[in-house]
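This report is meant to be read beside the sequence and the coordinates.

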Amino acid sequence: MTEPSRLPTDWKAAAVQRRTRRRYAAERRFRLLGLAAVWLSAGFLMFLLASMLWQGASGFRQTRVALPIDLAAARLAVTPAQLSGRGADLALAGAGLEGTVDAAATRAFGAQGADLLSDGAWLVVRDAIERNPALLQSRTTIDVPVDSAIDVAAKHDGTPAAEAIVARLTARGALSTGWNLGFLAAADSTDPTRVGIWGALKGSLLTMLVTIALAFPIGVLAALYLEEYAPRNRWTDVIEVSINNLAAVPSIIFGLLGLAVFLGTLHLPRSAPLVGGLTLALMTMPVIVIAGRNAIKAVPPSIRDAALAVGASPVQVVFDHVLPLALPGILTGTIIGMARALGETAPLLMIGMRAFIAAPPSRLVDPATVLPVQIFLWSDDIDRGFVEKTSAAIIVLLVFLLAMNGLAIYLRNRFETRW
Amino acid sequence: MSALALVLVVFGLALIGWLVARMRAATFRKPGVARFTALPVHYGYFVAICALVPALLFLAVWSLTSPALVTDAVIATPAAAALPPAGFERASILSEARALAAGRSHGAFHDLSVRLAPAYAAAQIRYDWIATAVALLLAFAGGGFAFTRVRPDFGARTQVERIVMLLLLAASLIAILTTIGIVASLLYESARFFRIVPIGEFLFGTHWSPQVIDARDPGASLGAVPLFWGTFFIGAVIAMAVAIPFGLMSAIYLTQYAHATTRRWMKPVLEMLAGVPTVVYGYFAALTVAPAVRELGLAVGIANASSESALAAGAVMGIMIIPFVSSMADDSIAAVPASMRDGSLAMGATQSETIRKVILPAALPGVVGGILLAVSRAIGETMIVVMAASGVATLTANPFASTTTVTKQIVDLLTGEAEFDSAKTLAAFALGLTLFVITLALNVVALSVVKRYREAYD
């Protein structure tokens, strides 16, 4: 039998060379495509963060105008004794300080002068007097925050009228900028120059407190049960399937649950951190259970065997040996779950945490809002002064999330044992 | 005594019981006795649990029932005879009186509530005293009973461990309860909705305008097909058109080409995309992307390009989804046996040919499962569409036109000024039920695809 003789491949042939070149070009293109996908995705993230920083940085600053004010001539009806006590705020407000400040503005900047100042300008004067009562007997110049429209015009582009005022004030050298400390200390307001995130931040903290107080113990106990004790039967399967499904249910469904059960059936107060925390706890618990089970699974069986061998009971094995070894992993998962809950908005809108709340909550049943919802509310506001405040609040939220994730990574690297 | 103080006192009693029982049990340990069934702490926990549980259970039940008892006591007083018969006014007078009595409000709208307030305060104080006495009695009785049983032959450890096991079981049942709660509340409210609007009209009607509902035929303006289409269009078409190429190519590059150092740094960076809160994406979409998309639409000659376009919301959602697709693709590419890859390379295929013709086909079920999970994530996403998509339901395939989604409509329907059980708010629950069923189905299918494929190579 004669085999058909096969010519050796001519690697130098023009056709082969061309094909090889084409294949190598395709290889380079594919590789570049992959590289481009990675860098573009990272670029999206950078662009997102940079645009928030760019728009939000000015939210932490405020424009102030030097207001010459003659407090001696105004003759406010307050005694020095009233200024030292706790009623100083009320005494100065009752003495008509607000009108005095408006009058000073009119004298200094013309008929529309009072409109140049923020609604909170007189509070700055009040605080200055409380710090230094001697001001009441003097002529002085105090830097007070300007109205939102002028603030916007001084920082970015404002309306033509506001820009003209800024130009005039800049020419007089009356404008200055400073840190807007009120932004970190105040609550929501209708005036963008007076808003702050403290109210929302405190609401977030109270909500997270309820969430972690419920989700962490329940999640850890459930994870221990499923991983260490649960018999393999249909009931256990039902529990496992429902936990895995809960982790994938859209967050807004949890909001509907909270609305129907906590508000509709149990009649808990609307907009309260208690209800928000309960809702988020139900959402976070599956995340903790899944992370907890992985951490418990990673503890080697030899630990359990050794403890059982020296006479520990099953409960002692788990609580004295397995749980402490698995705790760093569980904590990492918990912090990541809490970070997700902190950024969650939709379920909290459902249970009414979107109301306008001008006072920080002090109890779990007080009406409150949370940071992401505050961002949503401000982003809806048509006043242009809120644009930079929204981005500034986003920066604060991202800083918190970054800190939590950083803590999780630190815990993982520092305490996690590899067997 | 306030509720918090009472709970703290009960806990204090339990702590005392724990200490005393432990000290007493410690004296059992004598040189002659070699074995114990329990350690001193177990006796401590046994006493503490017996002191705590009955008292706390009582307080939990009491906190639910006592407001009704207090109200009954107030209604029995002579001053309450002037109350109007059952109705809204009666309820508002009573709640006002309660607020006055608790010191939460100072002004009253009704005169009667001012007169009822002292009765309320008195009844409240009386019932508070009863609660305090009963709770303390239960704590003492439980703790005392347990303390009599602190003896060497009593198996405290077995008892405590049985309670611990019950606690563990109860904790894992919460997951089932939550699932049941979700399904039951969605089904219950949806059933009420489908009594007003036939299920067929809701699922197959093509006109959605909940702002104007005709009372005689509410189903005519509650047809959800435009919402389903909008959700599918934004979440499964536009978002995936962004997320699949970027996610898949990133995963391929990072697993097949990238240096180990690049991989170690770029993977967490990509995952940060999933960690950014959705409200931030929504703000970004509404403020930065949507105007740019509108400009683009006008530039290519689409006259009705909307500033609330499907494209803006969908594209930003796609960016958010990239890490989901990429990490699922990453896992399934890593699960392809190295021998298949090595065989292909040994035959002279270039790396990209190996990836396209060998690795990807082998990893395809896993990738498809990941994409299905990503779709389920995208259609359940709320804040991006709430902030960047429009509220007007239109059946259109034009990405520059405005469309709305199921989640956006749920938020719009429930945050309006409607009362709780109008057709509008009930419609939100029907939409929620649909969303729940669809995402659940997608997840089940995706997981079974992934699972079957893993078994094939293991």
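A:Ser302 lies in helix α15 of chain A, which covers residues 301-309. The model is a predicted one, and the values below should be read with that in mind. Is A:Ser302 buried or exposed? With 9 other C-beta atoms within 10 Å, A:Ser302 is exposed. Between the C-alpha atoms of A:Ser302 and A:Pro324 there are 15 Å, the two residues being 22 residues apart along the chain.

A:Ser148 belongs to helix α8 of chain A, which spans residues 148-155. A:Ser148 counts as buried, because 23 C-beta neighbours are found inside 10 Å, and the cut-off for a buried residue is 20 or more. Once the neighbours within four places in sequence are set aside, the residues in contact with A:Ser148 are A:Asp191, A:Pro192, A:Thr193, A:Asp383 and A:Gly385. A:Asp119, which is 29 residues from A:Ser148 in sequence, has its C-alpha 9.3 Å from that of A:Ser148.

The two C-alpha separations are set out here.

| Residue pair | Separation in sequence | C-alpha to C-alpha |
|---|---|---|
| A:Ser302 and A:Pro324 | 22 residues | 15 Å |
| A:Ser148 and A:Asp119 | 29 residues | 9.3 Å |

## The sheet of chain A

In chain A an open sheet is formed by 3 strands, which are ordered β2-β1-β3 and paired in antiparallel fashion. Its edge strands are β2 (139-145) and β3 (175-179) of chain A, each of which pairs on one side only, and from one strand to the next the twist averages 40°.

Strand β1 of chain A, made of residues 61-70, is joined to the antiparallel β2(A) by 7 bridges; within this pairing, A:Arg139 in β2(A) is the bridge partner of A:Asp70. Towards β3(A), which also runs antiparallel to β1(A), there are 5 bridges, and here A:Gln62 stands opposite A:Gly178 in β3(A).

How is the sheet covered? Helix α7 of chain A, residues 121-131, lies across β1 and β2 of chain A and runs at about 130° to β2(A). Strand β3(A), by contrast, is hardly covered, since the count of buried residues among its 5 residues is 0.

## Chain A as a whole

Chain A contains 19 helices and 3 strands. Its radius of gyration is 32 Å, whereas the globule rule gives 22 Å for 419 residues, so chain A is more spread out than a compact globule. Along the principal axes, the C-alpha trace of chain A spans about 120 × 80 × 40 Å. Of its 419 residues, 44% count as buried, and among the contacts in chain A with a separation of 6 or more, 75% are between residues 24 or more positions apart.

Which element gives the most to the side of chain B that touches chain A? The contacts as a whole involve 65 residues of chain B and 62 residues of chain A. Helix α5 of chain B, residues 156-196, gives the most to the side that touches chain A, with 19 residues. By residue class, the side of chain B that touches chain A is made up of 42 nonpolar, 20 polar and 3 charged residues.

Technical notes: Residues are numbered from 1 along each chain as its sequence is written. Chains are lettered from A and ligands numbered from 1 in the order in which they are written. This is a predicted model: local features need pLDDT of at least 70, side-chain atom pairs count only at pLDDT 80 or more; totals for chains, interfaces and linings use all residues. Two strands pair if DSSP finds at least two bridges between them. Helices (H or I, at least four residues) and strands (E, at least two) are DSSP runs, numbered from the N terminus. Axes are lines fitted to C-alpha atoms, for helices over the stretch in contact, and angles run from 0 to 180 degrees between N-to-C directions. Two residues are in contact if their C-beta atoms, placed from the backbone, lie within 7 Å. A residue is buried if 20 or more other C-beta atoms lie within 10 Å of its own, exposed if 12 or fewer, and partly exposed in between; C-beta atoms are placed from the backbone. The radius of gyration is taken over C-alpha atoms; the globule rule is 2.2 Å times the number of residues to the power 0.38. Ala, Val, Leu, Ile, Met, Phe, Trp, Tyr, Cys and Pro count as nonpolar, Asp, Glu, Lys and Arg as charged, and the others, Gly among them, as polar.
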